[in-house]
Amino acid sequence: MSLVVVILIQASFYALLATGYVLIYRSTRVLNLAHGELMVFGAFVFYQALTMFPGSPATAVVAGLLGGALLGALVYFVVMRPLAGYPVAVGVLATIALSILLRSLITAIWSGQTRYPAELLGARAAPWDLPGGIALTPIDAAIVAAAAAALLGLPLMLQRASTGVAMRGVAENAVLAAQRGINIHAINAISWGAAGLMATLAGIFFAVKVRLGPDIWIVGLAGFAPALIGGMDSLRGVALGALIVATAEVLASRYIAPQFALAAPFLVLLVALWIRPWGLYGSREELERV
Amino acid sequence: MSVFRGNPGTLKTTHAEDSALLPTWFVRFWAAVAILVLLAAPYVLNSFWTGIVNQTFIALIGALALNLLMGTTGQISLGHAGFVGAGAFTAAALITQFDAPFGVNLLAATVVGAILGVLVGLPALRLKGLYLAVSTLAAHFVIVVAMGQYQSSVSYGAGFTMPAPSFLGWELSGERRWFYFLLPVALLTLLVHVNWLRSAFGRAWMAIHHRDVSASALGIDTARFKLLAFSASTAVTAFSGALWGYYTGFVSVEAFDIHLLIQYLAIVIIGGLGSVLGSVLGAAFVMTVPHLIARAAEGVPALKAMGASVFELQIGLFGLIMLLFILLEPRGLAGLWFRVQAYFQLWPFRFRAWER
């Protein structure tokens with residue numbers, strides 16, 4: 001039973017990451033391999049704010065989210081906008097270059113030292129004992145709640161809010177959307193900003209739960225596996241993709257060997273790409289058999 | 001597709017003249033000068049810089065292979081570091097298990113690389129662009145974890161020490177001996193690579209790059225040539241990995257992480273995708289510049305105080321340079337060179353009339 005809870009928490013964390021990948025892919029058709037660095041950056045802004053205002057964690061969270069969102073929008077305007085219309089491979093390579101640049105900037109600003117923001121937040125709250133012998137810490141509960149809110153709220157926003165409708169329009173056909181008076185660059189920047197925000201949210205959770213350091217980008221990178229399995233342009237697929245990857249990872253680390261935890265998402269991804277390259281709910285684009 | 005673009009003023013009257021690798025006396029002269037300079041290099045440079053040149057040779061072999069796949073065939077591969085590692089690990093494993101000789105290990109690494117290439121290339125028959133990139137990146141992680149698993153089970157995680165190899169009774173120890181071994185190997189790889197590009201293989205690969213559907217309409221078996229490109233690329237990559245293992249004398253899984261992949265991507269992007277000259281320039285640039293920066297940083301106390309972070313800054317600088325090349329000059333250093341060349345060839349005109 002506790003295994004189910006562990007999988008659920010891990011899946012929620014992956015869902016937070018994967019929504020960022022999906023938001024960016026929907027708007028600009030770029031697989032953002034610098035997502036892990038967006039996550040680390042936002043988490044470090046959160047940490048910085050936390051050391052400056054130790055009394056109010058809420059301020060720190062807001063500052064972190066704002067920092068991550070601004071960096072996301074900045075990346076769009078500086079790097080991605082000039083590359084619009086290039087083959088997808090160019091975008092992927094650009095984000096790889098961007099990722100190592102950001103990583104070294106983060107290291108230069110905050111040094112490579114590992115931090116534990118949980119210590120700054122005071123003594124870790126005692127876990128709640130739920131029926132069935134399950135212990136749930138508040139941070140784990142917050143991860144699950146945030147993922148649930150994101151998975152329910154984002155599709156709702158895309159359906160109802162005018163910005164959301166514009167985002168769907170741009171995702172569908174950017175040229176046509178521009179013709180109809182939608183400011184596609186603003187919409188794309190919002191998508192990137194929202195992705196940076198989601199990445200930061202995941203980063204803050206990871207920093208508080210485990211640790212914070214420039215090396216945790218690899219955790220953020222792993223988020224593309226659930227996004228691809230679910231379908232790169234489908235928010236609906238994220239939940240299922242995250243669940244599949246989390247299950248594979250937790251089971252592999254528990255029943256095979258802990259070292260397999262890193263490889264498991266990618267092995268699942270390879271199998272998924274072989275069977276259904278466009279993902280569970282993704283649209284079949286650019287994929288014809290030759 | 002020759003290494004050197006011939007002088008546009010040269011009239012070619014036979015097919016042999018047209019396909020000559022070194023078309024004019026001018027080019028032949030400078031090629032000979034370059035070879036002589038290279039042959040004399042170990043006696044001019046000190047041991048440290050000879051080592052840098054040696055590393056450049058090995059990087060060049062790997063970069064040519066990556067460029068063949070990414071630049072020529074247009075199949076993006078992010079599994080390159082894994083393939084380099086696979087080659088090094090094949091050699092290390094054969095030494096540990098069977099004490100196999102140098103030549104056998106190099107050959108075995110090449111064969112293992114070719115087989116891996118077919119396995120990783122199979123998804124390329126269905127996947128394109130982004131999805132292919134991701135599947136090769138996933139393959140990278142799987143290969144690295146498998147290598148780590150092997151390393152911890154055989155050598156208790158310590159890595160493998162490689163013996164100094166001997167080639168035709170000539171023991172390869174010291175930078176100078178390695179130089180005279182690696183120079184012909186690198187030149188030979190370059191020649192093989194250029195000839196691949198000039199033959200039916202190269203034409204098929206370039207056709208697939210431009211549009212695989214029209215390539216197959218022209219009668220090219222795209223599936224076969226895609227697999228061939230993957231297989232040839234990974235075979236040469238694994239070969240360079242085995243060389244690298246022998247050269248450094250130590251093989252451990254940590255050396256083949258994502259930083260190595262980024263290094264190779266930096267070589268082909270900074271050098272110029274799809275250009276042989278680009279691979280050469282890129283390899284020289286990426287292998288030399290960090291040491292120049294390190295030398296320059298020694299004089300700056302502020303940088304010296306940062307200690308280990310300087311390494312991070314160097315990697316970040318590569319990120320910045322890669323990004324600038326992607327944004328401003330996608331043809332890389334080779335593109336810059338062609339621009340300079342065109343400027344002098346066409347002066348006082350700006351461009352050839354028939355190019356527009």
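In this predicted model, the loop between α1 (2-28) and α2 (35-52) of chain A contains Arg29(A). Although Arg29(A) is not a glycine, its phi is positive, at about 55°. Most residues other than glycine have a negative phi. Arg29(A) has 20 other C-beta atoms within 10 Å and therefore counts as buried, since the cut-off for a buried residue is 20 or more.

**The contact between the chains**

The contact draws 39 residues from chain A and 39 residues from chain B. On the side of chain A that touches chain B, the elements that give two or more residues are α4 (88-110), α11 (224-230) and α13 (260-275). Of these, α4(A) gives the most, with 16 residues. By class, this side of chain A consists of 31 nonpolar, five polar and three charged residues.

**Helix α6 of chain B**

Helix α6 of chain B covers residues 129-154, 26 residues in total. From its first C-alpha to its last it reaches 38 Å, close to the 38 Å expected at 1.5 Å a residue. Because 19 of its 26 residues are buried, α6(B) is largely enclosed by the rest of the structure. After α6(B) comes Tyr156(B), which has a positive phi near 55°.

Two packed helices are described by the angle between their axes and the distance between the axes.

| Helix pair | Axes come within | Crossing angle | Handedness |
|---|---|---|---|
| α4(A) and α6(B) | 8 Å | roughly 45° | right-handed |
| α13(A) and α6(B) | 9 Å | roughly 145° | left-handed |

The axes of α4(A) and α6(B) cross at roughly 45°, which means that α4(A) is oblique to α6(B). Val88(A), Ala89(A) and Val92(A) of α4(A) make this contact with Gly129(B), Leu130(B) and Ala133(B) of α6(B). The residues of this contact divide into five nonpolar, one polar and no charged.

In the other pair, α13(A) contributes Phe260(A), Leu262(A), Ala263(A), Phe266(A), Leu267(A), Leu269(A), Leu270(A) and Leu273(A). These residues meet Tyr131(B), Val134(B), Ser135(B), Ala138(B), Ala139(B), Phe141(B), Val142(B) and Val145(B) in α6(B). By class, the contact of α13(A) with α6(B) has 15 nonpolar, one polar and no charged residues. An α-helix has 3.6 residues a turn, so residues three or four places apart point the same way.

Terms used: Residues are numbered from 1 along each chain as its sequence is written. Chains are lettered from A and ligands numbered from 1 in the order in which they are written. This is a predicted model: local features need pLDDT of at least 70, side-chain atom pairs count only at pLDDT 80 or more; totals for chains, interfaces and linings use all residues. Helices (H or I, at least four residues) and strands (E, at least two) are DSSP runs, numbered from the N terminus. A residue is buried if 20 or more other C-beta atoms lie within 10 Å of its own, exposed if 12 or fewer, and partly exposed in between; C-beta atoms are placed from the backbone. Two residues are in contact if their C-beta atoms, placed from the backbone, lie within 7 Å. Ala, Val, Leu, Ile, Met, Phe, Trp, Tyr, Cys and Pro count as nonpolar, Asp, Glu, Lys and Arg as charged, and the others, Gly among them, as polar. The expected span of a helix is 1.5 Å times one less than its number of residues. Axes are lines fitted to C-alpha atoms, for helices over the stretch in contact, and angles run from 0 to 180 degrees between N-to-C directions. Angles under 35 degrees count as roughly parallel, over 145 as roughly antiparallel, 65 to 115 as roughly perpendicular and the rest as oblique. A crossing is left-handed if the near helix is turned anticlockwise from the far one by less than a right angle, and right-handed if clockwise.
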